[in-house]
Amino acid sequence: MLLTNARSRPLLKAIRHKLWSAVQNVERPAESGVHIDPAEVPPVDMSTRSRWHREAAASPEMAAFHEVLRVDGRSVRESVLDDLATFYETTPEEARRRCLHWEQISVQEWAEAGGDEGDRGRVEFYRTTRSWSYDLMWWAYLQSEGHADPSNVVAVRFLQEWAPGRRHLDFGSGVGVTTQLFAALGWDSTMADLSSTLLDFARFRIERRGGHPTAIDLLDQTLPAGGYDAITAIDTLAHVPDINETARTLHAALGPDGVLVTNLDIREAAPETVWHLHDDAKRAEYDLRRAGFVPLATMGYDMTGYRKVPASGPRFRLFVFTSWLLLVSPPRRWAAAATRPLLRGLYRLRERLRGGRRQDG
Ligand SMILES: C[S@@+](CC[C@H](N)C(=O)[O-])C[C@H]1O[C@@H](n2cnc3c(N)ncnc32)[C@H](O)[C@@H]1O
C-alpha cells in the first residue's frame, strides 16, 4: 500500500507530495453529474490508476469487498440492483435509472425537505432521502469495478496496520458497505448515521446476508465514550455543519491511541452540490487537530489517518498553535492567496500532460 509516511519517506518525495496536494486542492474538477454505467464503457485500464489504487484493487481486502456486495451467488451488479429493487419495491431497470440519475432526484429531495432553509431542512433531507441509497450503492459497484477510488478498502488496509484494536465505528455509514467490509475482515463494526432511511436500507442489506448489524441513529443516540479503536468517516465531514464539534465527538468515542481515517470532499458550489457544506480543507484540518488528532499518514482518495492524543498540556497547546500558524493564520492565508494563481497554473499543466499521456498510451 502506498502510504506517505514522514518516517519512511525521503525529503524530496515529501516535498513533491506536499506540492501536488496543494495543487490538487486549489482546483478540483466537480465530480458531479450522471453516473457512468460500467456495462456501457470499456473496462478500466488499471495502469492509468495510482499505485495505491492498483494495490488496493489487487488485495484480498478488495476480494472481501466484492463478496460483501454480492447476494445469493449473483454478480455485484445484479446484487446491487436487486438490493435496491427489493427494498424500494421497484424493478431492477428502474433501480438502475435511479442510480445513474440520483443527483437530479437528490436536488428535488433537498428542495422538498427545505434543505436550504437551515438545520431543520437539512436534517429532514437526511431523514427522508432515498436517492442516496441509489448513489452510494452504485458508487460501491463503481469502486468494485475500478471506476471509482476504493476508499474503504484503502482505509481498512491502513487501519489493520495502525489501529490499536479491532473495535470499529463507521461514522456516516450510508448504505453500510464499509461496516460489512470491516466485519468480513474480523472487526467488530458499528454503523452511525444521521439518515434513518440509509440506516434502514443498510440494516436490510446486512440482515439479508445473514449479518447482525449494530447501528447508531445519530439524531437521538450518542456514541459510547472510548468505545472504538478505529473510526472511518469517509466522505462524511463535508456534510456536518461544525467539523470541530464533530471531531470532538469522534475524539471522545475513540479509546487511547485510537485512529481516525477521514477526508473532506470539497465540490464546486452548484445546485447539485448544496449538501457539501465546506470549501476550506485547511480550516477542516485545523479543526481536527485542535480536537486532539495528530496526522499519521496520508493515503489515496485524499484521506488522512490521525492518531488520537490527549487534548491538553503544553505540548498539545504548542501543536495547536503551530497548526494554527501553518494552516489558518492570516499570514498563511495571505501566502495561500498569493500562490493560488501559480498552483492553478501547475494544476492545469499537470492535467494537460496527463491527458496527453493517456492519449499516447
Ligand atoms: C457521501 S455519504 C458517504 C457514505 C459512506 N461513508 C461512504 O463512503 O459510502 C455521506 C454520509 O454522511 C451522512 N451524514 C450527513 N450528515 C451527517 C451528520 N451530521 N452526522 C453524521 N452523518 C451524516 C449521510 O447520511 C451519508 O450517509
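## A buried histidine

His 53 sits in helix α2, which covers residues 51-57. Helices here are DSSP runs of H or I with at least four residues, strands are runs of E with at least two, and both are numbered from the N terminus. His 53 counts as buried because its relative accessibility is 1%; buried means under 20% relative accessible area, exposed means over 50%, and partly exposed lies in between, using a 1.4 Å probe and protein chains only. Leaving aside residues up to four places away in sequence, His 53 touches Met 46, Gly 146, Ala 148, Asp 149 and Pro 150. A contact here means heavy atoms within 4.5 Å.

This is a predicted model, in which local features need pLDDT of at least 70 and side-chain atom pairs count only at pLDDT 80 or more, while totals for chains, interfaces and linings use all residues. Residues are numbered from 1 along each chain as its sequence is written, and side-chain values use heavy atoms, with hydrogens and water left out.

## The chain as a whole

Let us step back for a wider view. The chain holds 15 helices and seven strands. It has 361 residues, of which 48% count as buried. Among contacts between residues at least 6 apart in sequence, 74% join residues at least 24 apart.

## The sheet

Seven strands form an open sheet with mixed pairing, in the order β3-β2-β1-β4-β5-β7-β6. Two strands pair if DSSP finds at least two bridges between them. At the edges are β3 (215-217) and β6 (293-299), each of which pairs on one side only. Neighbouring strands of this sheet are turned by 20 degrees against each other on average, direction ignored. Axes are lines fitted to C-alpha atoms, for helices over the stretch in contact, and angles between N-to-C directions run from 0 to 180 degrees.

Strand β4 (residues 228-233) is mostly covered, with six of its six residues buried. Strand β1 (residues 167-171) pairs with β4 in the parallel sense over three bridges, and His 168 stands opposite Ala 230 in β4. Strands β4 and β5 also run parallel, joined by five bridges; the bridge partner of Tyr 228 is Leu 254 in β5. Strand β5 (residues 254-262) pairs with β7 (residues 303-308) in the antiparallel sense over four bridges. In that pairing, Val 259 has Arg 307 in β7 as its bridge partner.

How do the axes of α3 and α10 cross? The axes of α3 (residues 60-69) and α10 (residues 177-184) come within 9 Å and cross at roughly 120 degrees. That makes α3 oblique to α10: angles under 35 degrees count as roughly parallel, over 145 as roughly antiparallel, 65 to 115 as roughly perpendicular and the rest as oblique.

Helix α3 brings Glu 61, Ala 64, Phe 65, Val 68 and Leu 69 to the contact, and α10 brings Val 177, Gln 180, Leu 181 and Ala 184. By class, this contact has seven nonpolar, one polar and one charged residues. Ala, Val, Leu, Ile, Met, Phe, Trp, Tyr, Cys and Pro count as nonpolar, Asp, Glu, Lys and Arg as charged, and the others, Gly among them, as polar.

## Two residues with positive phi

Most residues other than glycine have a negative phi. Glu 89 has a positive phi, near 50 degrees. Glu 89 lies in the loop between α4 (76-87) and α5 (92-100), and counts as exposed at 75% relative accessibility.

Asp 257 also has a positive phi, near 65 degrees. Asp 257 is found in strand β5 and is partly exposed, with a relative accessible area of 47%.
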